[in-house]
There are 4 protein chains.
Amino acid sequence: MADGVRADGRSIQRDSDPMIKAGIVGATGYTGIELLRILLRHPDVRITLATSEKFAGKKVAEVLPSLSGACDLSLENLSDSQVIKNCMVAFCCLPHKEAMTHIPTWIRKGTKVVDLSADFRFRSPAIYEEWYQKHAAPDLLPESVYGLPELHRDEIKKSTLIGNPGCYPTGALLGLIPLVREKAISLEDIIIDSKSGVTGAGRSPELESLYSEVNESVHAYKVGCHRHTPEIEQELSEVAGQKVTVTFTPHLVPMDRGILSTIYAKGLRKLDSKSLTRLFSEFYKKEPFVKVLPAGQFPKTKEVRGTNNCLIGVAVDPRSDRIVVVSAIDNLMKGAASQAVQNMNLMYGLDERLGLNQLPLVP
Amino acid sequence: MADGVRADGRSIQRDSDPMIKAGIVGATGYTGIELLRILLRHPDVRITLATSEKFAGKKVAEVLPSLSGACDLSLENLSDSQVIKNCMVAFCCLPHKEAMTHIPTWIRKGTKVVDLSADFRFRSPAIYEEWYQKHAAPDLLPESVYGLPELHRDEIKKSTLIGNPGCYPTGALLGLIPLVREKAISLEDIIIDSKSGVTGAGRSPELESLYSEVNESVHAYKVGCHRHTPEIEQELSEVAGQKVTVTFTPHLVPMDRGILSTIYAKGLRKLDSKSLTRLFSEFYKKEPFVKVLPAGQFPKTKEVRGTNNCLIGVAVDPRSDRIVVVSAIDNLMKGAASQAVQNMNLMYGLDERLGLNQLPLVP
Amino acid sequence: MADGVRADGRSIQRDSDPMIKAGIVGATGYTGIELLRILLRHPDVRITLATSEKFAGKKVAEVLPSLSGACDLSLENLSDSQVIKNCMVAFCCLPHKEAMTHIPTWIRKGTKVVDLSADFRFRSPAIYEEWYQKHAAPDLLPESVYGLPELHRDEIKKSTLIGNPGCYPTGALLGLIPLVREKAISLEDIIIDSKSGVTGAGRSPELESLYSEVNESVHAYKVGCHRHTPEIEQELSEVAGQKVTVTFTPHLVPMDRGILSTIYAKGLRKLDSKSLTRLFSEFYKKEPFVKVLPAGQFPKTKEVRGTNNCLIGVAVDPRSDRIVVVSAIDNLMKGAASQAVQNMNLMYGLDERLGLNQLPLVP
Amino acid sequence: MADGVRADGRSIQRDSDPMIKAGIVGATGYTGIELLRILLRHPDVRITLATSEKFAGKKVAEVLPSLSGACDLSLENLSDSQVIKNCMVAFCCLPHKEAMTHIPTWIRKGTKVVDLSADFRFRSPAIYEEWYQKHAAPDLLPESVYGLPELHRDEIKKSTLIGNPGCYPTGALLGLIPLVREKAISLEDIIIDSKSGVTGAGRSPELESLYSEVNESVHAYKVGCHRHTPEIEQELSEVAGQKVTVTFTPHLVPMDRGILSTIYAKGLRKLDSKSLTRLFSEFYKKEPFVKVLPAGQFPKTKEVRGTNNCLIGVAVDPRSDRIVVVSAIDNLMKGAASQAVQNMNLMYGLDERLGLNQLPLVP
């Protein structure tokens, strides 16, 4: 059905082949599944490859019954030559380290890449190597673009290799960039307290991700040492024009999706909740996916579920004069898959909203 | 944004006004919210009215921040004249009893109606009055059609008043109709054990629906006396050509959405899991929204979440020779809002899939 | 603290060593953790051994921070000689197949055993071997007792080897035994539809048990072929004095704990909900852990959470004359660990309620 | 059963009447239910009164089937004379404002009171009136003691009126007191980011507390204006000997119980994670209910569920030199009911652990 029906349910003619042939490398993890969901309904994309180490040889719909009747693809083992041959663009959902061993080959042969791992997010190999491991393709880093459209839209349009942002950095940066760019806060005192759903931990069977380990509980983890920290700092430092260090604490919350980031900062000038709301609204007024709530309102993660949206609420705590920004995204969407598609849209000169106008699934 | 952008994200011209002007009466309950989500993206519909007793006067996006930027409507008090004037079709999400006091007026003045309450589901006023209360418009019952397209597609196409099926009956009937129509089971021994998410209880603040009352627990309720029982029996009896009585037990499960119905029946002829799967596949092969899983596979409610799909798995228990059918639907979608839109599509001669090709939000 | 403080918080004298030295073999699975929780507060037990293949060498409180300050034990590798030397009674939480390779040695050397695997639940090696694998110690089966106190209290008291019942069978049997013993139902038409929390799947890292696989969803599994079926049938057949075959469908529900079993049967004599309630109340009036609710009330699994209780509600569906019994237990407690302690209490001639009077954690 | 059986399951003699006759005023809210659970198993308490406006006239076990067989009390309407006549001590679970209209009468007639509302937590009527409303009994405030035993144990022992701490303040204060008392942090920069389960919102039927409103979502609320703020500040200011202002942001997390507070502060002297852990361990070494985790470990709320425990993990973020403290409590227990019982134990000169040695229900 999917092949012959457009996103709006109308039939399309088979001979008008969609423009973009896209591959999903690692299609049965949570991010890959989400890319399938989006791209199967994208009006200008045809999925030409879906790989899975674990389920190679099986039909997508057999492994993912939610796609019964919507997807006729079979899952394949990863082969660089298949990617190069079949894909104009590849969405790489491999784990970091693995990603950078394949991507250079693809890029060299003309396949564009949106990499959802951390391997091409850093401008400095040294920082990458401090937090991850030795980089296998440092020469590609200058070519890659950090795929946050709200910050790097123009570069993304011209790029062939996108380092798609981490989920936490996406929410944190969208909440902080207006303040840093407007020089409204002290750069010494930024605290980011984030709460994430469990899909952020991926789909590998680990004790820590079992239902009864995380259900009915909340906890902080990797306090002061989470690998998304340098990513946040790289982008904020660039915006600020000086080195920024942040305190970042991620937490795990018993829900499937969503990241809520509560951000604390000290104002450098007199601001109240209303003027702060205005500052944010003004800053994001042309952004299709960032929505600033009225003063006094704060977002729920459910209100962005299944979408590329970021909802932001802001306040100045009148008693401590501290600025509080709360941003909500869907970690699998704006924090991963739909942001990757937004980047692809930009790379191909399309309306960046194409295929991304789902409304949140509430409740 | 919504107004000028189609379901696939492309712009549309404002002057080509969408054909169908639709109203949602009771737009801030769970079913109403879901109708907003669907109809705002339906290529041939423009929402012209959204009422809410509780929130009249407010913007939809203020009450439902998930629709920020996607909906510019204001909520209004219900007035029959507004419905008649502004709506070619009205989706009525009022509670039963209230529904039937308004709908006759709308119908008389030419507004088509899909009623999501129980008021127009029954052909016999006596049965309605036995389970509910006195019927205020029994004369309209012969005109109304029970809106299960898999059973009454042709009548729906010609109808102006649809009694949209209850959530439990939808899942139960789709699992039973093939067996009853094919005379494959004894009609004396049908047991339906259903498990529903909590949205099925509606959005009224009741102690029983509080988070900490239903979380981390499962229970049966209204054992032997749930009002969806006569609805199931009416349709099965019509298919069978004789009176059918069923045992139906609903359960509440700690999740937002989804109904899983596990159906037990005694076979009248020799069937095994494979031939039973064939029977179901054959029966539903032309249905766009009913998908039969391979023998040995059973559906999860999550696999239909946010869609109009019904997934069905079947087996014959080899030890007791009993037939087991498991059907999964999203109670707010195929069990309510998206089935209502499917019915509207049929009433207007459209492709019934229009606006309904969402893929399940998994996970 | 634990060592010197009794269950009621009062100090005890160290020299009055508790009577029973107990070992937990496999102490870091969900059942083992639960046994630690119970036995650390049992007035007549001292835990003398806790083994864990995965965490051997670590302190219990390091692996299970919930026991910080309450348990000074270290986890050890399993060694038969340690079990024999240190334990008057061993609670065996090894998986089936592994259990039966160790237990004969322990028994032969005088350590009593409550086995929480399936290995010693069956009287017939043939049935065990049909559903599991070759039995390694069939000669021990005649000595072992099926540890459902409500059915086999007297044999349990004299036994040295208990096959502790499966979680599903415990709930199903408690709901069916009164009906079968009183010859109130047809033995041909018993259907058990059970809904279990996720801890029932154990603590091994499996894809199927990941939070985001099971959250917000319900599904049936092992339809017609779950290994608890023959266990239910063995006990019912013995009560009935003839072979009983049941249809049993387990479901997975997104919650940590609890099993709700909805049981359907056909009555052989005229019964209504009130007389059926009386039958059950009378049957269980002396049982300390089985509580029958007033006619018209049905249990929630949360109402037994963390306890050894079984709550039962019954009804006769007046329309189909079918009997519906709903039983609720905590699968880790009455369905595993606390029932094991109840059995131990009986084996040692203690009040069977000792250490088991926790009240349900609601909400 | 409850009456004749002690916490450890042994029988007690009826004629040795427990010493303390206690009443629960407002017994069917979440805090009242929890008090029933604790006090029914407290070795030195007999519950002599349980009131409920909503359910007066019914048996406790009828309204709360989890207590079937464990509690023979009937619920009564609140009457001051009944409280005075039947209760040596009353646990007052009325909402604030209502509490202070009854409590003065009880106190005057010799009934001791542990008040779980906010009415007697403040030393300054002015602060109470700024955040709540006019105080009806300001003359009683000097007599009342803020019931955090770790801070006010000696005064509690001599008191007849306890203002039992709020849930958020309990977790926040236990994480901050050591730092403030040791003058280890700047008092200008304290940020408390708390995450609470839904029972914190109480048991009144409100839209915001419905299952499907809060499930699968996390959000901040009352940013900069939550009424627990002045309570935290009052106690910290007293410890510091100077006015302390904090930034406090509460969040709602989809789980029944638990509060995790992530606290950020700036150190005034050189500390690393190890020395900070030592500081906390030393500070709390004699406290029976506060447990400090090894450096590098952080608590999960599930690890204290159903107990009076507070688990604390601490770290110094090496990159920003900021101190991070994470504390976990059960909001219904240490955050309400069990802390109330701890206070009662102290008021009566009992071992404060009496009736409170439950181990956490994990998972």
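Me: Let's start with D and A. How many residues of chain D are in contact with chain A?
Reply: In this predicted model, 40 residues of chain D are in contact with 40 residues of chain A.

Me: Which elements of chain D make up that side?
Reply: Those giving two or more residues are β7 (190-196), α8 (211-214), β8 (219-220), β9 (246-252), β10 (259-266), β12 (310-317) and β13 (322-329) of chain D.

Me: And which one gives the largest share?
Reply: That's β9(D), with four residues.

Me: How can chain D be laid on chain A?
Reply: A turn of 180 degrees with a shift of 0.0 Å along the axis does it, and the RMSD is 0.0 Å. That is how a two-fold axis relates copies.

Me: Which surface do the copies meet through?
Reply: The same one: 100% of the interface residues of chain D are also interface residues in chain A, so the copies meet through the same surface.

Me: OK, now A and B. How many residues does the contact take from each?
Reply: It takes 40 residues from chain A and 40 residues from chain B. On the chain A side, helix α1 (residues 30-39) gives the most, with three residues.

Me: And the classes there? What does the side of chain A that touches chain B have?
Reply: It has 20 nonpolar, nine polar and 11 charged residues.

Me: Switching to a single chain. What's in chain A?
Reply: Chain A has 11 helices and 13 strands. Its C-alpha trace spans about 60 × 45 × 45 Å along the principal axes.

Me: How does the radius of gyration of chain A sit against a compact globule?
Reply: It agrees: a compact globule with 363 residues would be near 21 Å, and chain A has 20 Å. As for burial, 62% of the 363 residues of chain A count as buried.

Me: What about contacts across the sequence?
Reply: Take the contacts in chain A between residues at least 6 apart in sequence: 70% of them join residues at least 24 apart.

Me: Let's look at the sheet in chain C. What's the strand order?
Reply: It's an open sheet of seven strands, ordered β8-β9-β7-β10-β13-β12-β11, with mixed pairing. The edge strands are β8 (219-220) and β11 (290-292) of chain C, each pairing on one side only.

Me: How do β12 and β13 of chain C run, parallel or antiparallel?
Reply: Antiparallel, with eight bridges joining β12 (residues 310-317) to β13 (residues 322-329) in chain C.

Me: Last one, Val89(B). Where is its place?
Reply: Val89(B) is in strand β3 (residues 89-92) of chain B.

Me: Why does Val89(B) count as buried?
Reply: Because it has 22 C-beta neighbours inside 10 Å, and the cut-off for buried is 20 or more.

Me: What does Val89(B) touch?
Reply: Leaving out residues up to four places away in sequence, Val89(B) touches Ile20(B), Ala22(B), Thr111(B), Lys112(B), Val114(B) and Met344(B).

Technical notes
Residues numbered from 1 in each chain as written. Chains lettered and ligands numbered in written order. Predicted model: local features only at pLDDT ≥ 70, side-chain atom pairs only at ≥ 80, totals over all residues. Least-squares fit on C-alpha atoms with pLDDT ≥ 70 in both. Contact = placed C-beta atoms within 7 Å. Rg over C-alpha atoms; globule rule 2.2 N^0.38 Å. Buried ≥ 20, exposed ≤ 12 C-beta atoms within 10 Å, placed from the backbone. Pairing = 2+ DSSP bridges. Nonpolar A, V, L, I, M, F, W, Y, C, P; charged D, E, K, R; others polar.
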